[in-house]
Amino acid sequence: MKIGSLSFAALAISIYSSAPAFSESINISEPDFPDATNTDISYSDIYSADNSDAINFSKKEINAVRKANKSRGDTIRIQSKQSSKASPNLQLASTQAVTTMASPPPQYSFGNCTAFSLGSGLLATHEAQGQVKCYNTYSATDIKVEAQASSQPAGVNYDVFLYFYNHNTGSTEFKASSLNTGNVNDFATSVMPAGNYIVYTRATSGSSTSAFVVGALGFSGYDQHEANETLATATQVVGNQIMTGNTDHNSDIDYYVYTTAADQSELDVTFNSSNHVAQYVNSSGNWSALNASGTTAFQVNPNGNYYFRVINTAATNNPLVNYQLSLTRKAEFIGNAQVTNDENLTNVCCGLDAHSRINFTGYAQDANHVTVPYGKVRLRVYAVGGEIVTRDVTANSNGYFDETLNFTPCTGGGYYGQGSGATSPPAFWYLGMDPQTLGLGFFQHCSP
Ligand SMILES: [Ca+2]
Ligand SMILES: [Ca+2]
Ligand SMILES: [Ca+2]
């Protein structure tokens, strides 16, 4: 800060006990804009085990995808010239609010910035390359802010930077930037605390007397993973996780990056939503829709980063509709396996006897015996007469399954089978994912 540091520090201390003067105007100094690009993102090749679709994509291709994605059309309303020059309304805390933590910071004016209302925009120009301009806006509640510089004139590259003005410290805190090259739209998105937000535009390359649009939209119905609008800000996922989210507005995009473990060779992806589609990058370097139903098994490399994204497909976006994106390792074991029979037959020995059916319950588990949501397990019954009943079961979102297998009742009386051995029917009725440790024996009860 230039001059506001001391005076504003005093202001901050008393902010909830006495109202700041309406005319209080803060001058903020121009920050050092972070110019880091997203080229340090590493990608790994991904293969779909379902269709052997080899997918190779380069950083360049990813950047092209991101650039194309960023040309989407969020529009903002342009403020009238009159309203853009009006002083922001101050929302002053009362004396009684001194102990209320929920009180938002007051709205300030900033002497070297142009105020605009959140949800609207201004027409602005950059007349010289390298020029920086400042704008400010405000929200009395926590909100997801998307600052943008759109309708950039031909031949220029303007960039946008989004900051939060911390009224306790008097400092501006960097939140997001958008550095797309060329005169494409720039969107810088961040979830913000209530308070004052500073937007900068910079004529990174070129200039023009023609106006562009600068402003910011605010979205309140965001999910816990926001703001994840770019590959660089993708939500990190490891192990076995279900990511539940929504689209807070029509153009909300949710990026996720799954990092495989050192011993991982498969990534299982399941997606559920009535209003969204999940995508991954296909062999052409383009985003490709994931199967709408069921699980897609991708062959992956260890220690790789694999990107997914979710977008709204409903004609009218509904922030109340959640999606579920399940990203997991392969199921390799069954945990807490339980096998029961409700035919009220008499146990004959060391196992369970059944006449025509057996019920299996348990949890799908990965190689580390961690529960796998939507994990696939294979159940198998060996009945007398050489009958083998096999069923592939998909666990639910908790990794749990509950499945009954039916088999042909036998006649002739007596009992068949015994509870040992893993591969010799009919001795072994149930073959789990790990026959060495999960073997369970049963007897088929034959009617006279
Ligand atoms: Ca740009
Ligand atoms: Ca979202
Ligand atoms: Ca998002």
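Two strands pair if DSSP finds at least two bridges between them. I wrote that down before looking at anything else. I also noted that helices (H or I, at least four residues) and strands (E, at least two) are DSSP runs, numbered from the N terminus.

**Ground rules.** This is a predicted model, where local features need pLDDT of at least 70, side-chain atom pairs count only at pLDDT 80 or more, and totals for chains, interfaces and linings use all residues. Residues are numbered from 1 along each chain as its sequence is written, and chains are lettered from A and ligands numbered from 1 in the order in which they are written.

**Entry 1: a first pair.** I began with β10 and β11, which pair in the antiparallel sense over 7 bridges. Within that pair, Val160 has Ser178 of β11 as its bridge partner. Both strands belong to an open sheet of 5 strands, ordered β6-β8-β13-β10-β11, with mixed pairing. At its edges I found β6 (114-115) and β11 (171-178), each pairing on one side only.

**Entry 2: the whole chain.** How many helices and strands are there in the chain? I got 3 helices and 32 strands. Next came burial: a residue is buried if 20 or more other C-beta atoms lie within 10 Å of its own, exposed if 12 or fewer, and partly exposed in between, with C-beta atoms placed from the backbone. By that rule, 38% of the 448 residues are buried. Then I looked at contacts (C-beta atoms, placed from the backbone, within 7 Å). Of the contacts between residues at least 6 apart in sequence, 73% join residues at least 24 apart.

**Entry 3: confidence.** I checked pLDDT, the predictor's confidence in each residue, from 0 to 100. The chain averages 79, and 72% of the residues score at least 70. Where does pLDDT stay under 50? One such stretch is residues 82-100, with 28 contacts beyond four places in sequence in the model. Another is residues 418-439, with 57 contacts of that kind.

**Entry 4: β9.** All 8 of the 8 residues of β9 (residues 143-150) are buried, so this strand is largely enclosed by the rest of the structure. In a regular strand the side chains alternate between the two faces of the sheet. In β9, Ile143, Val145, Ala147 and Ala149 point one way, while Lys144, Glu146, Gln148 and Ser150 point the other way. β9 pairs with β12 (residues 186-192) in the antiparallel sense over 7 bridges, and there Glu146 stands opposite Thr189. β9 also runs antiparallel to β14 (residues 208-219), joined by 7 bridges, with Ser150 opposite Val213.

**Entry 5: the cores.** A nonpolar core is a set of buried Ala, Val, Leu, Ile, Met, Phe, Trp, Tyr and Cys residues joined through C-beta atoms within 7 Å. Which residues have the most contacts inside the largest one? They are Leu162, Tyr197, Ile198 and Val199, in a core of 35 residues. Strands β8 (132-139), β9, β10 (157-166), β12, β13 (195-205) and β14 each supply at least two residues of this core. β10 gives the most, with 6 residues. Apart from this core lies another of 26 residues, among them Val257, Val281, Ile311 and Leu325.

**Entry 6: Val237.** I found Val237 in β15 (residues 235-237). Buried or exposed? Val237 is buried, with 21 other C-beta atoms within 10 Å. Beyond four places in sequence, its contacts are Met243, Tyr256, Val257, Tyr258 and Leu327. Val237 and Leu327 are 90 residues apart along the chain, yet their C-alpha atoms are separated by 7.7 Å.

Entry 7: Another open sheet has 3 strands in the order β24-β26-β29, with antiparallel pairing. β24 (333-340) and β29 (400-406) are the edges, each with a single partner strand, so one side of each is left without a neighbour in the sheet. β24 and β26 (residues 357-365) share 6 bridges, and Gly335 has Tyr363 as its bridge partner.

Entry 8: Most residues other than glycine have a negative phi, and most peptide bonds are trans. I noted Asn336 of β24, with a positive phi near 50 degrees. Asn336 counts as exposed, with 10 C-beta neighbours inside 10 Å. Tyr374, in the loop between β26 and β27 (376-382), has a positive phi near 55 degrees. Tyr374 counts as buried, with 24 C-beta neighbours inside 10 Å. Finally, a cis peptide bond joins Glu226 and Ala227, with omega about 0 degrees. Ala227 sits in the loop between β14 and β15.

Key:
Two residues are in contact if their C-beta atoms, placed from the backbone, lie within 7 Å.
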